[in-house]
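Good morning, and thank you for coming.

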Amino acid sequence: MQDCVFCKIRDREIPKEFTYEDEDAMVFPDINPVKPIHLLIMPKKHIKDFLDFEELLLLEKIKNIIQKMVKEQGLEDKGYRLVVNGGGAQIIDHLHFHLVGPLGKKIGEPA
């Protein structure tokens, strides 16, 4: 997708530091975090909406990456939220999951 910010990040047209990356997925901090930890987790393949997410192996891989991020970020017992926006509610039309936490903590407070 030509005008997709996430595809430009994937293609290194926009510089970004990755928390995790492999051939199928990427994870990086949200530019406008709502909690001390706010990661965006997404497939590299441009998928516009969750309803278009049909590849079961990729879905399983994304699930495993999300679980890995929850553990690596130490959110298992601190409360976290996993959010996916769709149907026009998303700002960027490239499927992505928000992992935010710890719940109860504000920006600037230690995680």
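Arg12 lies in the loop between α1 (5-10) and β1; helices here are DSSP runs of H or I with at least four residues, strands are runs of E with at least two, and both are numbered from the N terminus. Its phi is near 65°, a positive value in a residue other than glycine. Arg12 is partly exposed, with a relative accessible area of 48%; buried means under 20%, exposed over 50%, and partly exposed in between, using a 1.4 Å probe and protein chains only.

A word on the source: this is a predicted model, in which local features need pLDDT of at least 70 and side-chain atom pairs count only at pLDDT 80 or more, while totals for chains, interfaces and linings use all residues. Residues are numbered from 1 along each chain as its sequence is written, and side-chain values use heavy atoms, leaving out hydrogens and water.

Let us turn to the sheet. Five strands form an open, antiparallel sheet in the order β1-β2-β3-β5-β4, where two strands pair if DSSP finds at least two bridges between them. At the edges are β1 (20-21) and β4 (81-84), each pairing on one side only.

Which strands does β5 pair with? β5 (residues 97-101) is joined to β4 by four bridges, and to β3 by five bridges, again in the antiparallel sense. Phe97 of β5 stands opposite Val84 and is also the bridge partner of Ile41.

In a regular strand the side chains alternate between the two faces of the sheet. In β5, Phe97, Leu99 and Gly101 point one way, His98 and Val100 point the other way, and all are buried. Five of the five residues of β5 are buried, so this strand is largely enclosed by the rest of the structure. In the segment after β5 we find Pro102, which is joined to Gly101 by a cis peptide bond with omega of about -10°.

Finally, consider Asp49, in the loop between β3 (37-43) and α2 (56-72). Asp49 is buried yet has no salt bridge, and Lys48, the nearest side chain of opposite charge, is 7.3 Å away. Lys and Arg count as positive, Asp and Glu as negative, with His and the chain ends not counted; a salt bridge needs a side-chain nitrogen of Lys or Arg within 4 Å of a carboxyl oxygen of Asp or Glu.

What does the side chain of Asp49 reach at 2.9 Å? The answer is the backbone nitrogen of Leu51.

Note on methods
A polar contact is a pair of N or O atoms within 3.5 Å; within protein, one must be able to donate a hydrogen and the other to accept it, and residues adjacent in sequence count only if both atoms are side-chain atoms.
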